[in-house]
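Please read this report with the sequence and the model side by side.

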Amino acid sequence: MEIYQENGCLYQLNNGEKIEVRPWGDNSFRVRSTKFDNFTGHKNALTMPIKETQPAKITLGANGHAGAITNGKITAKFDVYGNIAFFNQDNKLLLQGWQRTRITAMDPGTDDYKMNHFNSALDLDWHEFKGIAGGDFKLHVRFEADPDERIYGMGQYQQNFLNLKNAKLELALRNSQASVPFYLSSKGYGFLWNNPGVGEVSFAKNLTDWKARATKEMDFWITAGDTPHQIEEQYAAVAGTVPMMPDYAMGYWQCKLRYQTQDELLSAAREFKKRNLPISVIVIDFFHWPKSGEWCFDKEYWPDPKAMIKELHEMGIKLMVSVWPTVDKTSSHYQEMRDKGYLAQVERGVPITMDFLGNNGFADFTNPKTQQYVWNLLKKNYYDQGVDLFWLDEAEPEYSIYDYDNYRYHDGSVLEVGNRFPVGYSKMVFDGMKKEDPKHQVINLVRSAWAGSQRYGALVWSGDIDSSFRALRNQLCIGLNMGIAGIPWWTTDIGGFLGGKTTDPKFHELVTRWFEFATFCPVMRMHGDREPHAKPLGTTGGGKMPSGAPTEPWAYGDEVYEIMKKYMVLRYQMHDYIKQLMQDAHEKGTPVISPLFYHYDQDKEAWQIEDEFMFGPQVLVAPVLHEKESERSVYLPAGYQWTDIYTGKSYNGGQRLTVKTPLNQIPVFTRTDKPVKELLEFGKEM
């Protein structure tokens, strides 16, 4: 084994493998390892230019068998046994490789490079490559576990807990699951698994274990910081931030499965205006097209898109249109796209990747030529007609059979690069819109993401979820962990997607509580596949699909309507405050919604709270997450006074209160020293 320095980096050579520890941003390192002659050169999520910093301090042990490198507040060390560890500026251990090998030399060297090392017959290194057919490797990377550590981030998983310690997560994309593998640790560091391949991670009690099913190299990034803010901002500096959200997007979005015709959509929009209800965006859902892969309106049901959009714009409403990556085998573009290599490939069997209203392939958005080809169609058939933004559905993509080993993209096998797919999907539309108008503030709804998606205006939603209080509890944890993972634009289907009967009093309660929660989410968006369904209008094209029942606020009875109307108005009254939150997300990567500890990390109890959240630093929200819940406990972060917006009473932080929760009230507190006045006015009226 040899440890050496070169060009400001620390290297370890061992048994034909080279490990590089390279300074990469403030207080951060990128760590790569390969058994090939050279690294691949892929940046993956680390796409932002790195600003110049002070040169790293590097020291080497005797005989070149150990070494250390310091970049600001973080130090990485190799010991004489080949293990790696990371320390902060106070020499506090942040993370160390889990290594169980025999100690052949009992002296580990000088104190500068000592680590806790287990003399073990297990013969397991902290990382290992296992060769597979074709030249790639299976990869295991193991770190020591701290049972008291708390872990947040990692993207979108349908579960109702926030702290991911002791969780096992699949590093793969599915409908309602988005792997965004950055986490923030309560120990004062952030970690990015900078590998877009399919795998898994276990944050177990005995070790943390990362696995990639097929890869050419190990690649991760680690940063140290004194606060969650600093860690998150250092990650945003290397992986990118969202654009500045346009003003209209901070309002109310109306959607359903599915407006079947131009007349139906315009009737709904006119009714919003007739009732003087605020609305910013209305949405045309899937199968408004004649066939998948045509990427255009079905003229039978949408005869004059330009006139429709002109009327919407005159009403002050933007139009979002759903597009899918599916290409029907009988569509006019299928053969050309297949011949040119613009479709995802299969390793075995017939080249059909999704069976839904026809045999379909998927456009391969890891291929820049595919991106340009499809954007040209979107531009001609939608953007040039006046469509304002896109809904990039099926962004995982949603294979009919999730046999990841059977699919291949332009960039490589799905096992090796599959999680890049939604990044390329969002990038396609972002680049296209920016080319048409460099000043355009791009935002597009997308059903999946990976690290870096935020750069391309990705507003991620949580997929086809159940209409239940259990699902609502999941969404709170999902939204908070997505923000920590670097995806601050997030939304959910108000009321859930699957199920929900518009005449059912139980659903009325659920959709009302969800609506109240969504008022304080990054984007407030109604959607769902409601019962009872309307019948299809025809047997061809866009007429083949049925429609769900209405989702508009007046669809659930007078009591619910009056409550929803007040929260819609409140959303617009909070515009200036929301705009500042969006500015922080754009400039620094700050989550729009966050766990309490993000803004109040000195309060130990704040790290334990999983059923409340901060809507920026000045607003605490405690959503009602259970059926028929007439009161709930609320914890107020220590160090500040908090004002109940409904009673006007102020309370010292660091205590729990029991708060009444009538159907028209979601518990909300604002900082007494920096109140959001619009909330106090709203509370008086409720």
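This is a predicted model: local features need pLDDT of at least 70, side-chain atom pairs count only at pLDDT 80 or more; totals for chains, interfaces and linings use all residues.

Residues are numbered from 1 along each chain as its sequence is written, and side-chain values use heavy atoms, with hydrogens and water left out.

## The sheet of 8 strands

Helices (H or I, at least four residues) and strands (E, at least two) are DSSP runs numbered from the N terminus, and two strands pair if DSSP finds at least two bridges between them. An open sheet with antiparallel pairing is formed by 8 strands in the order β1-β2-β3-β4-β20-β17-β16-β14. Its edge strands, each of which pairs on one side only, are β1 (2-6) and β14 (151-156). On average, and with direction ignored, neighbouring strands of this sheet are turned by 20 degrees against each other; axes are lines fitted to C-alpha atoms, for helices over the stretch in contact, and angles run from 0 to 180 degrees between N-to-C directions.

|---|---|---|---|

The hairpin of β16 and β17 has 3 residues between the strands, and in it G188 takes a positive phi near 100 degrees.

Is strand β17 mostly covered or mostly open? Of the 5 residues of β17 (residues 189-193), 5 are buried, where buried means under 20% relative accessible area, exposed means over 50% and partly exposed lies in between, with a 1.4 Å probe and protein chains only. In a regular strand the side chains alternate between the two faces of the sheet. In β17 both faces are covered, with Y189, F191 and W193 buried on one side and G190 and L192 buried on the other. Y189, F191 and W193 also belong to one aromatic cluster, whose members include F86, W126, F143 and Y183.

## The sheet of 3 strands

A further open sheet has 3 strands in the order β34-β36-β37, with mixed pairing. The strands β34 (498-501) and β37 (547-549) lie at its edges, each pairing on one side only, and the twist from one strand to the next averages 70 degrees. Strand β34 and strand β36 (residues 529-534) run parallel and are joined by 2 bridges, and the bridge partner of L498 in β36 is D529.

## Helices

Helix α1 (residues 228-239) lies across β4 (28-34), β16, β17 and β20, and runs at about 140 degrees to β20. Helix α8 (residues 469-484) also packs on the sheet, where it touches β14 and β16, and its direction makes about 100 degrees with that of β14.

Helix α2 (residues 262-274) and helix α3 (residues 305-314) pack with their axes 11 Å apart, at an angle of about 5 degrees. That makes α2 roughly parallel to α3, since angles under 35 degrees count as roughly parallel, over 145 as roughly antiparallel, 65 to 115 as roughly perpendicular and the rest as oblique. In this contact (heavy atoms within 4.5 Å), Q262, L265, L266, A269 and R270 of α2 meet P305, M308, E311 and L312 of α3. These residues divide into 6 nonpolar, 1 polar and 2 charged, where Ala, Val, Leu, Ile, Met, Phe, Trp, Tyr, Cys and Pro count as nonpolar, Asp, Glu, Lys and Arg as charged, and the others, Gly among them, as polar.

## Aromatic pairs

A search of the whole structure finds 55 aromatic pairs; rings of Phe, Tyr and Trp (its six-membered ring) pair if their centres lie within 6.5 Å, and planes under 30 degrees apart count as stacked, over 60 as edge-to-face and the rest as tilted. The pair of F507 and Y556 is tilted, because the planes of the rings stand at 55 degrees, with the centres 6.1 Å apart. This pair links distant parts of the chain, 49 residues apart, with F507 in helix α9 (residues 505-518) and Y556 in the loop between β37 and α10 (558-573). F507 counts as buried at 4% relative accessibility, and Y556 is buried with a relative accessible area of 2%.

Y600 and W642 form an edge-to-face pair, with 5.6 Å from centre to centre and 75 degrees between the planes. Y600 is in the loop between α12 (596-599) and β39 (613-615), and W642 is in strand β42 (residues 641-644), so that the pair links parts of the chain 42 residues apart. Both Y600 and W642 are buried.
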